[in-house]
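Reader: Hello! Could you show me how to read the contacts between chains?

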Amino acid sequence: MPEPANLIDREIHPVRDRVLLGAVWAAAMLVAGAFVWLLADLLWHGAGRLDWSFLSTAPRNSGRAGGIWPIVVSTVLIVAVAIVVAAPLGLATAVLLSEFTRRGGTTERAIGLSLDVLAGVPSIVFGLFGNAFFSVWLGLGFSILSGGLTLACMVLPILIRTAETGLRMVPDDWRLGAAALGLSRTTALHQILIPVATPVLLAGLMLGIGRAMAETAALVFTSGYVDRMPSSLFDSGRAISVHIYDLTMNVAGGDRSAYASALVLIALLVLVNGAAIWLSDRTLQRKIATR
Amino acid sequence: MLSKLFTTGALIFVALSTPVIAADDKIVITGSSTVAPLITEIGKRFEEKNPGVRVDVQTGGSSRGINDARSGLADIGMASRALKKDESDLKAYTIARDGIGVVLNSANTVSTLTDQQIVDIYTGKISDWSAVGGTQGPITVVNKAEGRSTLELFLHFFKLKASDIKAHVVIGDNQQGIKTVAGNPNAIGYVSVGTAEFEAGQGTPIKLLGMGGVAASVENVRNGSFPLARPLNLVTSKEPTGMTKLFIDYTQSADTHDLVKEQFFVPNGP
Amino acid sequence: MSRTARDTCLLLGLSVAAIVASGILLLIILFLSTEAWPVFSQVGLLKFAFDEAWYPTEGAFDLKPMLVASFAMSMLSIMLAAPLGIASAVFCRFYAPPVVRRAYQWIIILLAGIPSVVLGLWGLTVIVPLILMLAPPGASLLAGSLVLALMIVPTVALTTQAALASIPQFYWVGAAALGLSREGTLLGVALPAVRSSIFAGIMLAMARALGETMAVLMVSGNVVQLPTSLFDPVRTLTANIALEMAYATGDHRSALFVSGLALTVLVFILAWVARRSGGQVVHA
Amino acid sequence: MMSAVDDKPTPSREGASSAFTLGPLVAGPPCCTPQTHISIKSVTLSYGRIPAIRDVSLDIYKGCITALIGPSGCGKTSLLSCLNRLTDLIPGCHVEGRIAIDGQDITTPDLDVQRLRRRVGMIFQKPSPFPLSIWRNLEMPLREHGVTRRDELEFRIEKALADVGLWAEVKDRLGSAALTLSGGQQQRLCIARALTLEPSTLLMDEPCSALDPLSSAVVEDLIQSLKGQYTVVIVTHNLAQARRIANYAAFFWVKERAGTLVEFDQCRTLFDQPRHELTAAYVKGLQG
């Protein structure tokens with residue numbers, strides 16, 4: 001895509017343009033600076049604790065010693081359950097909103113409003129609700145499954161909103177073109193619209209994964225506190241963020257392990273998001289050809 | 001591509017969903033987040049001694065422990081407080097105690113406070129450290145959130161009501177109190193004596209104040225001379241039997257005293 | 001299966017998904033209401049709005065200061081985060097050299113995944129002492145807003161970025177053909193073209209800010225009072241639940257669920273107002 | 001997109017300069033059977049409550065090219081969309097009246113619209129190949145319509161590409177992206193895509209107006225060559241073009257804020273001896 005800057009390089013509003021340039025750089029540097037500061041803080045306190053055994057062993061002495069391996073496994077399982085449930089549900093709802101409802105119509109307004117409100121439900125309320133609904137009412141108990149399902153409810157609005165945006169952005173030309181060829185809407189979605197919207201869907205997925213990985217309050221009451229290696233999805237498993245919370249708030253002398261766990265969490269995010277980017281690039285290459 | 005991925009995902013999902021044969025005996029314990037780390041450690045040692053037994057510890061607060069023990073959702077509840085009057089239907093087993101002491105930032109020049117001074121500070125009558133012999137600076141009163149057992153203990157000891165206290169920062173868990181006081185030279189708070197002693201030893205800038213002439217130390221909590229302490233309890237709805245009884249007995253035995261000390265609590269008995 | 005039938009099946013499936021997705025909220029409201037009912041039936045609704053103060057163990061249930069705090073904190077944080085997030089997206093797309101862009105992209109993605117506990121911890125040990133130097137006690141409305149802003153910047157940035165990426169090429173070409181500079185194109189064409197998507201992102205971010213619990217609990221001081229300045233400690237509705245739920249019993253516990261309901265109502269009103277005004281912006 | 005350079009006219013066309021002069025008028029019925037293929041009876045189309053076309057009746061003859069002409073906003077494109085039920089996609093769009101293709105009513109709700117759209121292909125003003133490879137652009141619709149045998153797919157795709165004069169140009173790069181083709185090539189690809197489905201009718205909505213004169217001429221030739229095999233309905237603002245290629249022409253005008261059919265006749269008659277003064281004034285733009 002040709003950048004506008006390549007096409008035009010004379011300045012008509014030098015002051016405005018310079019101010020905007022400065023402001024954008026300043027804002028970006030501010031955000032980056034805050035992140036680097038945060039990361040440096042984590043590294044400063046936690047790097048000394050990081051080694052292979054921290055990754056590969058189970059916690060001892062309430063997490064002050066030992067590692068976090070079972071907790072990493074539980075975290076990945078919980079997030080996987082959440083995404084496996086929420087992604088199809090979210091995509092389906094987004095497709096309904098963008099392809100089958102009119103913007104500003106009653107259906108769109110009702111569903112949209114309920115999603116906006118759902119996005120604002122506090123995570124601790126999700127936790128209490130998840131406990132009452134999944135753990136007790138559905139009888140799943142404290143388990144990775146209840147935790148994952150609770151998180152699925154939580155990330156749903158994010159996934160739906162972003163996917164809807166992505167699909168609405170696909171030019172109507174292709175919708176009309178597909179219809180004129182007698183393609184079913186299913187085919188048009190599957191072959192063209194969804195692949196074209198993939199970058200946006202991916203951005204939403206990353207937000208969702210990030211949110212799910214970072215969640216604490218919703219998991220304390222659902223996937224629980226047990227730091228043993230889970231043997232099935234019906235086992236309770238402690239998520240990293242719950243572990244971090246416990247270490248910082250309840251365990252005296254747990255701070256270094258907490259910082260180190262936070263670093264592991266960030267590494268995990270890099271891995272998961274990297275995989276997501278790689279996967280979408282592959283799908284895009286196979287499905288969509290623009291160059 | 002995506003559909004293949006989903007199929008694989010679904011297969012893994014199904015494989016993992018198949019519950020493995022449940023452990024011979026599973027004890028579910030829920031409740032206080034203060035007690036949970038200790039019980040987790042005791043549970044692990046108990047599991048080693050009794051193969052086939054699983055101890056699942058869940059948190060959620062003392063009231064959750066009480067409720068779950070009462071409703072039968074948990075075999076045992078954990079509470080970092082004594083039972084209340086309307087909880088006489090339950091049975092409590094004290095496994096350890098936890099002293100509560102007043103802490104200041106170590107930069108603070110004040111080294112002792114009388115009970116009256118503490119009351120005056122917490123009720124807002126004294127608002128500057130110079131009034132109690134320190135260097136000038138506005139006092140930041142750190143208080144616990146409504147309902148928390150340390151708050152109730154504190155209020156009870158100083159004969160105050162929750163609404164009497166004029167706090168500047170309200171905190172939840174113990175470590176938040178320590179971090180808040182450590183980060184603010186003019187703060188005053190009250191936290192668990194054991195953890196404060198440990199943190200001070202680790203170089204965290206806080207110091208414990210004595211109370212009523214008794215130094216705040218684990219030793220003084222153990223021998224009963226320190227006035228502010230709370231029991232850490234396991235709670236059951238009926239007389240425990242079988243594995244549950246075995247576990248409760250084990251938690252109260254001397255076998256676990258080292259674990260109790262590791263968590264900076266005060267073991268039962270001498 | 002014929003193609004038309006396949007489409008019908010698709011629509012059916014999508015509708016079911018949408019019903020499930022919007023049904024969750026109803027379930028949650030039902031759950032909150034059931035849990036809150038005991039205290040409602042005993043002390044009535046008005047007590048939560050017109051009581052003197054919040055001392056639930058002493059039978060005082062005033063939620064006003066916390067409603068105001070929740071509202072103020074989320075507004076402040078979105079006012080900080082929206083420009084930062086939009087600027088971040090614009091930076092990534094138009095200003096950053098390729099290497100910087102990739103790095104910055106990762107920063108945003110990772111920032112989205114930093115647990116609120118970690119942000120809270122950082123806020124408590126870094127931001128709060130800094131604010132303390134300006135005005136005690138440090139833990140304050142400002143600290144909460146700053147930490148929240150950092151937390152929701154990625155939401156705004158990623159949604160804006162996604163929206164900018166999907167602007168058809170002829171917009172850029174068309175704008176360039178009109179002799180618009182990069183900045184002119186941005187302000188005059190690109191951002192207006194995607195304002196509805198940006199708006200949706202901001203709504204998501206604001207909802208997140210309203211619902212955030214742990215980080216806010218750690219840095220905002222949690223004193224139940226109407227804030228008179230940025231440096232006053234405040235307690236949000238979410239922090240209220242998290243702080244007191246652990247030991248709350250009986251009416252106190254019920255009252256905490258009323259906090260949850262109150263927050264839901266607040267979000268509902270904000271979302272509704274935003275949709276009405278936002279809708280006009282979008283269709284203008 | 002407007003790169004005319006790489007859009008070489010096909011060898012079959014001699015003297016591209018003729019695109020700039022008025023060609024000889026194409027005679028009416030003798031080249032095609034005056035047999036009704038599509039019958040439009042009292043069609044009124046409205047968006048919400050606002051009618052866009054009012055009471056249009058028109059017969060479209062088999063194998064002929066029928067041009068719909070008239071000023072912008074007079075409902076030509078809307079009428080075109082009725083013929084393959086693309087109107088279904090527009091929320092709030094409502095069609096009354098009867099449209100029959102080969103005697104079969106296509107306005108009934110239980111009609112298989114996808115089968116209809118296979119029989120009635122459509123070409124849009126803006127070339128809209130999918131963001132797929134050239135091959136996949138042609139293959140995907142075929143598969144959707146049940147053609148899955150490899151040899152048949154290859155045969156049909158090659159034939160369609162050859163019919164639109166694109167085969168020689170793209171046969172070595174079928175795997176590259178369709179969006180890398182020039183505008184004219186993209187439009188011919190879209191026509192080929194419609195042809196692979198073996199439709200009986202092609203609807204064209206200003207198919208040349210987004211193309212440069214050379215590409216436009218190539219596409220125009222292509223449309224000419226479809227005559228006889230396919231029934232073509234074309235909307236165009238280029239009166240010279242309509243006059244060059246169409247057998248029949250229908251003139252639309254806006255009356256009471258809705259499009260209506262003013263005059264329908266053989267192309268030559270409509271241009272040379274318009275019966276209605278509105279038509280006369282409109283085509284005078286061409287003649288004057």
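Author: Gladly. Let us start with one term: a salt bridge is a side-chain nitrogen of Lys or Arg within 4 Å of a carboxyl oxygen of Asp or Glu. Please keep in mind that this is a predicted model.

Reader: How many salt bridges are counted between chain A and chain C?

Author: The count there is 0 salt bridges. Polar contacts do occur between chain A and chain C: 6 residue pairs, both at pLDDT 80 or more.

Reader: Which helix gives the largest share of the side of chain A that touches chain C?

Author: That is helix α2 (residues 14–46) of chain A, with 18 residues. By class, this side of chain A has 64 nonpolar, 17 polar and 12 charged residues.

Reader: What area is buried between chain A and chain C?

Author: About 8,400 Å², with carbon and sulfur atoms giving 79% of that area. The contact draws on 93 residues from chain A and 94 residues from chain C.

Reader: Now to chain D. Which side chains meet in a salt bridge with chain A there?

Author: Those of D:Lys126 and A:Asp173, at 2.6 Å from N to O. The rule finds 1 salt bridge across the interface of chain A and chain D, along with 7 residue pairs in polar contact, both at pLDDT 80 or more.

Reader: Which elements of chain A give two or more residues to the side that touches chain D?

Author: They are α8 (172–180) and α9 (185–214). Of the elements, α8(A) gives the most, with 7 residues. This side of chain A has 11 nonpolar, 6 polar and 5 charged residues.

Reader: And what area is buried between chain A and chain D?

Author: About 2,100 Å², of which carbon and sulfur atoms give 68%. Here the contact takes 22 residues from chain A and 28 residues from chain D.

Methods
Residues numbered from 1 in each chain as written. Chains lettered and ligands numbered in written order. Predicted model: local features only at pLDDT ≥ 70, side-chain atom pairs only at ≥ 80, totals over all residues. Heavy atoms only, no water. Contact = heavy atoms within 4.5 Å. Buried area = accessible area lost by both parts, 1.4 Å probe. Polar contact = N/O pair within 3.5 Å; in protein donor to acceptor, adjacent residues only side chain to side chain. Helix = DSSP H or I, 4+ residues; strand = E, 2+ residues; numbered from the N terminus. Nonpolar A, V, L, I, M, F, W, Y, C, P; charged D, E, K, R; others polar.
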